[in-house]
Amino acid sequence: MSGDPVRFAFFAEVFAALAHPKRLEIIHHLGERQHTAGELAELTGLSKANVSQHLNVLKARGLVHCDKCGTFCHYRLTSPQVLETCEIVRQLILAQMDLASACRRQLAEVVPLRKTSS
């Protein structure tokens, strides 16, 4: 199908925006309530300029919206689905961790091979 590359490119752009730990932290804080860039800088330990760069990436991908109020910009998530997407990924990671733990337990139960003396 000719439309698939474009569709997958859109997917990749959104996932790329979500692929940075600090952007995920910003999303977490915006999931609680709206914040200014200054508030997010305090919450994340980043400079205001760095937070603004991350917010611009999230805005460009349609994940965050800015409401201007005088000289301040209040940022909020564009949809609760942003948090739902993060929760789905969290559940996937937890399932992978459970599987890895189960494999580790099984491996620990294997009796090691012993060298035979010649």
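Trainee: Does Thr44, at a relative accessibility of 7%, count as buried or exposed?

Mentor: Thr44 counts as buried at 7% relative accessibility, where buried means under 20% relative accessible area, exposed means over 50% and partly exposed lies in between, with a 1.4 Å probe and protein chains only. Bear in mind that this is a predicted model, in which local features need pLDDT of at least 70 and side-chain atom pairs count only at pLDDT 80 or more, while totals for chains, interfaces and linings use all residues. Residues are numbered from 1 along each chain as its sequence is written, and side-chain values use heavy atoms, with hydrogens and water left out.

Trainee: In which helix is Thr44 found, and which residues is Thr44 in contact with, leaving aside its neighbours within four places in sequence?

Mentor: Thr44 belongs to helix α3; helices (H or I, at least four residues) and strands (E, at least two) are DSSP runs, numbered from the N terminus. Once neighbours within four places in sequence are set aside, Thr44 is in contact with Lys22, Glu25, Ile26, His29 and Val51, contact being heavy atoms within 4.5 Å.

Trainee: Which residues of helix α3 are buried, and why do they line one face of the helix?

Mentor: In α3, which covers residues 37-44, the buried residues are Ala37, Leu40, Ala41 and Thr44. Viewed down the axis of α3, these buried residues fall within an arc of 105°, so they line one face of the helix; the arc is that of the directions from the helix axis to the C-beta atoms. What the buried residues of α3 pack against is α2, α4 (48-60) and β2 (72-77). After α3 comes Gly45, whose phi is positive, near 80°.

Trainee: Where does Lys48 lie, and is Lys48 buried or exposed?

Mentor: Lys48 lies in helix α4, and with a relative accessible area of 54% Lys48 is exposed. Even so, Lys48 has contacts with Ala37, Gly38 and Ala41 when its neighbours within four places in sequence are left aside. Between Lys48 and Thr36 there are 9.7 Å in space, C-alpha to C-alpha, and the two are 12 residues apart in sequence.

Trainee: How many residues apart in sequence are Cys86 and His28, and how far apart are they in space?

Mentor: Cys86 and His28 are 58 residues apart in sequence and 9.0 Å apart in space, C-alpha to C-alpha. Cys86 sits in helix α5 and is partly exposed, its relative accessible area being 24%. Not counting residues up to four places away in sequence, Cys86 touches Leu24 and Ile27.

Trainee: How many helices and strands does the protein have, and why is it described as more spread out than a compact globule?

Mentor: The protein has five helices and two strands, which from the N terminus on run α-α-α-α-β-β-α. Its radius of gyration is 21 Å, well over the 13 Å that the globule rule gives for 118 residues, so the protein is more spread out than a compact globule. That radius is taken over C-alpha atoms, and the globule rule is 2.2 Å times the number of residues to the power 0.38. Along its principal axes the C-alpha trace of the protein spans about 85 × 45 × 25 Å.

Trainee: What share of the 118 residues counts as buried, and what share of contacts between residues at least 6 apart in sequence joins residues at least 24 apart?

Mentor: Of the 118 residues, 22% count as buried, and among contacts between residues at least 6 apart in sequence, 46% join residues at least 24 apart.
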